[in-house]
Amino acid sequence: MGRQSGMRGAWLGALLSVAVIAAPAFAEVTTERPGSIVLFPKVLVAGTIDTLIQLSNISNSLVHVHCFYVDGSLEFPDLPPSQDNQPRWQEVDFDIWLTKQQPTHWVASTGRRPAPLANECTETNSVCNDAGLFPGRIPPLADGFTGELKCIEVDSSGAPISGNHLKGEVTLVSDGPFTNGDASKYNALAVVGLDSNDADNTLCLGGGVTTQCPRGAEYDACPQVTLLDSFSVGANNPQLGPNSSVSTELTIMPCTEDFERQQPGVVTVQFQVTNEFEEIFSASTKVTCWSNFNISTIRGVFDVNTTGTRFLQTRMAPATNQDSGFVGVVEETHRLSGTPGSRAAFNLFTIGERSVADVITLPEGP
Amino acid sequence: MRLGYYITAGLAMMLLARVGVSRADVSSDQPAAVLLFPRVAVDSTIGVDTLIRLGNTNTTTPLNVHCFLVDATPVCRADPTLTCLHDSAAPHCTGPCDDRWNETDFRLILTSRQPIGWLISQGMRDCRSNPASDPNRPCFQLDGIVRTGPGGQNNAGSNILPAPHDQFIGYLQCIAVDDTDTPIERNDLKGEATILRSPTPDPGAIVKRCSGNPSEECKVDSECQQDDGPCDTGGVCDQNSSEKCTTNADCMFDFGHCFVPVDADGYNAVGLKAITTKQCPNGNACNTNADCAGIGNGTCALPNDHNNTLCLGGCTPGQGTCSVTRSQSCFNNSDCPTRETCVDKCPTSDLCPVGPEYDGCANILLLDHFLDGAADPISGLSVVTDLTLVPCTQDYLRQNPNKTTVQFLVFNEFEQRFSTSTPVTCFKEFRLSNIDTTTNVKSIFSAAVNGTLTGQTRIRGVALDDPSHGDTLIGVAREFRCGPGSTLAACNVVSTSAFNLHSQGRRPEVDLIYLPPN
């Protein structure tokens, strides 16, 4: 009986792994499945907020990962964005390695250093940040960093591969005196790699055969439409009552990036806002490199005095095919008047895939 | 006999993976025809409520929705009037508890692109029946008489039931249907849940309670039993959150007010997409019958038969694989190259005669988490995680929940592996470090046992050979940061963050949703 059960398990295990390997590709960027490129759209080391990154290998073999931080903060952070005050678009890259099924983590402001004598977690020691197999040296980010992290699965030579072994999560934690411990969490977005990956430094996300992408799509495409369900600006939370408010912060990260020439992706995002009366309002904004903004800054189309209802559904899409595709994440702060409030992050829903390719160009290796 | 079944099932899985329609699995980032909110809760004694947001993403057509609110609040065996929600400040059970599984259903209509939102404790009604004295109670704005949408669409006939009682925990499932309540293949539903713990209405009169057992009021720590944690209000001064308070007078030196902080967390509803492409009997996409010539009965049709049994995933009955050219699917030997036979055929099914109508649930759920008791390196607070699991198979017809054995494989940052298992019937929410033991610190989910800060857990419902139900699961995780004086079992919650689980793979066994007759 025991032997039979063992055989059963062995059969199932073997076949399940086949199923996992052979499963057909998914069409779009996903927040719930592993992929070969993992996008963390919102990484902050600013004010009282710091970011904890979790990254895992879901396979039974060693995985090499090449990651890029991109600083999207403005040259003069205290001034509004303008022609003379563009995002820095400063990238820093590093390599890490994850063993079989290994989860790892790091705090963005401190990175990760070798710590062979790091204390393990015990019943009496819960401060054990560096315990575990060392994944590789990860640079710390300076205070004021506001931007993104992108991690790409590569082989031992550094060439991009379609292993689809990576998943990740982000926790934005406040350590301020009034909000210590307030945290919001979202899943990293994963881009599934396809068999057509030619392992060069030009990563083609969706689209057909072009000069830049002679083999067509090497990874799944970025979404055609991104959906945001939000509170109107100025509407209260029905549970907290009239003295409450909900603010919505949207982060947008273009899919196209050229790390070789330091050319940021640019996208004009079109917003179509529908209220509970089924009335439609529209607006647009231009995002270069990376942007994190409160939706109240998008003219008045999100304002409750304009929309007249508490809840809104917004469809967001690149204005033209010449624009970069984009992905994003949203964070809400629910607060009672006069109190710091509490944050909750959500991944965005998406519909369809872009018909044109978004291209990530990696810097040339050694 | 069973071994044979498993071999067949395994081979069918290979077949599924290699041939047939390219079919995604559950999804929490794309609109779908079936939505599940795995955890909704109400408890007025601690200010907890759940805001549900639901939207029709279709840009032109209204959508009828049939929703099932399932009450899974465990009740006291000795006194069924008491619940077993140990976080509640209401009197609750201290003895053995029984699971409960009661569903109530309701219907609503969403006009094109329309977003709505309601509190689980309140529900939502037609605005005409909403008393003027209750202006804050949400109601459907487009009643069809006073107001209709620009295209003449409205919400007439919609009525969302509130949770049947306070101290409620359970889940909500919504299904796209037509105006006769027949399930249809419209992947237009999306939703989010926000669970919010709000301050007490009168901050000046915050009551002190034992943090690990909020039903116990107290004045000093010594009045709380050892496992019930310190005597605490949860209140802090708004100008200095490190300063605890019971009344505003305690905050005088900070010129502030005493309040219990708001704590919000949210997750996306998990969706199951209906299969919307016409298929030949072998599962290949088609436009006309001509595309299916020589394949099975040669018909090109949508797989959804629109009956009250929803087939989620699984394999197509009668479909096999060629004995040598394994990548080629077949129904008969003649579908295979010369001298090959069609083998490992998917068994016929009375419940799902044409195979899957909706995407299947995931074979494995992936959860990356802090190991319980680890200190968050940013805030310094200890972290614990609760996991909520709901079976993918739902029997709303007979109210007949199935028991699924759930296997957990835990990997720490040293690549070391631990495993355990537990049964789940209908709905289960547990602290990770209570899955395998009642002594949390000895659990394979605790940081003290693993030695590292984070872990990765693979969660799998064990498949049984019962064609009337599957054994996959849907879940959501909630991470708590705990204040001073907390234990792993009794977290004095400072903040909560929820997140959706990742998923991997699919399986040949079908999951089913049985709806009551129209």
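## Basis of the description

Helices (H or I, at least four residues) and strands (E, at least two) are DSSP runs, numbered from the N terminus. The structure is a predicted model, in which local features need pLDDT of at least 70 and side-chain atom pairs count only at pLDDT 80 or more, while totals for chains, interfaces and linings use all residues. Residues are numbered from 1 along each chain as its sequence is written, chains are lettered from A and ligands numbered from 1 in the order in which they are written, and side-chain values use heavy atoms, with hydrogens and water left out.

## Two loop glutamines in chain B

B:Gln399 is found in the loop between strand E27 (394–395) and strand E28 (403–412) of chain B. Although B:Gln399 is not a glycine, its phi is positive, at about 50 degrees. Its relative accessibility of 33% makes it partly exposed; here buried means under 20% relative accessible area, exposed over 50%, and partly exposed in between (1.4 Å probe, protein chains only).

B:Gln167 lies in the loop between strand E9 (139–140) and E10 of chain B. Its phi is near 50 degrees, a positive value in a residue other than glycine. B:Gln167 counts as buried, with a relative accessibility of 15%.

## Nonpolar cores

A nonpolar core is a set of buried Ala, Val, Leu, Ile, Met, Phe, Trp, Tyr and Cys residues joined through side-chain atoms within 4.5 Å. The largest one has 61 residues, and those with the most contacts inside it are B:Phe37, B:Leu54, B:Leu108 and B:Trp118. Strand E10 (residues 168–177) of chain B gives the most to this core, with eight residues. A second, separate core of 50 residues includes A:Ala188, A:Leu189, A:Leu203 and A:Cys255.

## A buried glutamate in chain A

A:Glu148 belongs to strand E6 (residues 145–154) of chain A. A:Glu148 is buried, at 0% relative accessibility. Beyond residues up to four places away in sequence, A:Glu148 is in contact (heavy atoms within 4.5 Å) with residues including A:Phe40, A:Tyr69, A:Glu257 and A:Trp290.

## An antiparallel sheet in chain A

Five strands of chain A form an open sheet in the order E15-E14-E17-E11-E20, with antiparallel pairing; two strands pair if DSSP finds at least two bridges between them. Strand E15 (280–288) and strand E20 (349–353) are the edge strands, each pairing on one side only. Strand E14 (residues 266–274) and E15(A) pair over nine bridges, and A:Thr274 has A:Ile280 in E15(A) as its bridge partner.
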